[in-house]
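Here is a short briefing on one protein model. Look at the sequence and the structure first, then read the points below.

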Amino acid sequence: MSDPVEDISSESVMKKIHEKIHHYQDSSSSSDSESEKLMQASKKVRLFGRQQPVHALFGGGKSADIILWRNKQISAGILTGMTVLWLIFEWLGYHLLTFICHALIISLGVLCCWSHVSCAINKSPPKLPEVILPEDLFMSIALSLRHEMNNAFATFREIASGRDFRKFLMVIVSLWVVSVIGTWFNFLTLFYIVFVILHTVPVLYEKHEDHVDTFAEKAMNEINKQYKVFDAKVLRKLPKGLSMHKKQQ
């Protein structure tokens, strides 16, 4: 006859082995589910088809930190400063040239009085920093501006040629919407509104990007469906005399 102690010990060993196998299966299944979630997140369609994080899209440097409110003090200070300038120009009726002249008058007057008072009380006058603008900076800015202007002219020529009628309609509608908005505000107020949008919308999108991307994907699918209907009922019925004339030539 077998020893009951040995039977109990063998049963406990088998139970431990069974628990370890069950734990390994649970951990492997959980890791598989996590990997599936990661794969689904990577396959998720992002807004405007982006593949990089929002921070990387804005350069990933200090400018991105300011736009995405990584440093809240600097971001809030810039937004407050722009708001104060907008209030000065819009509510107080200040003009840009007048504001610059008054700011220079106050600055020069304060520095001049400070220098004379310092000499009168035997203290060192204020040391004004010597500002020398680097040539490389302006050269890089000029080259970047030249590159962007060439791209803008190339895009204008492509749209004006009418090869992509969908892009042509989108540009026309966008310009019309901007012209309508321009009748509601002056240029300064419009610039301030655009600045506030660029300073607040990216950080809000970064916090709620999953919900926004899901909604944007549904909206783009619906827009594509409506465009296909519009293309079938309207665009394909337009006269094609110009394209036929080109083929004959």
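**Overview**

The accessible surface of the protein comes to about 21100 Å², and 67% of that belongs to carbon and sulfur atoms. Accessible areas come from the Shrake-Rupley method with a 1.4 Å probe; for residues, only the protein chains shown count as cover. This is a predicted model: local features need pLDDT of at least 70, side-chain atom pairs count only at pLDDT 80 or more, and totals for chains, interfaces and linings use all residues. Residues are numbered from 1 along each chain as its sequence is written, and side-chain values use heavy atoms, with hydrogens and water left out.

**Whole protein**

- The protein has 10 helices and 0 strands. Helices (H or I, at least four residues) and strands (E, at least two) are DSSP runs, numbered from the N terminus.
- Of its 249 residues, 10% count as buried (under 20% relative accessible area, 1.4 Å probe, protein chains only).

**Helices α8 and α9**

- Helix α8 covers residues 187-207 and helix α9 residues 209-233.
- They pack at about 95 degrees, with axes 5 Å apart. Axes are lines fitted to C-alpha atoms over the stretch in contact, and angles run from 0 to 180 degrees between N-to-C directions.
- α8 and α9 are therefore roughly perpendicular to each other (65 to 115 degrees).
- Tyr205, Glu206 and Lys207 of α8 meet Glu209, Val212 and Asp213 of α9. Contact means heavy atoms within 4.5 Å.

**Inside α9**

- The buried residues of α9 are Asp213, Ala216 and Asp231.
- These buried residues pack against α8.

Technical notes. Parallel < 35°, antiparallel > 145°, perpendicular 65-115°, else oblique. Buried < 20%, exposed > 50% of the residue type's maximum accessible area, 1.4 Å probe, protein only.
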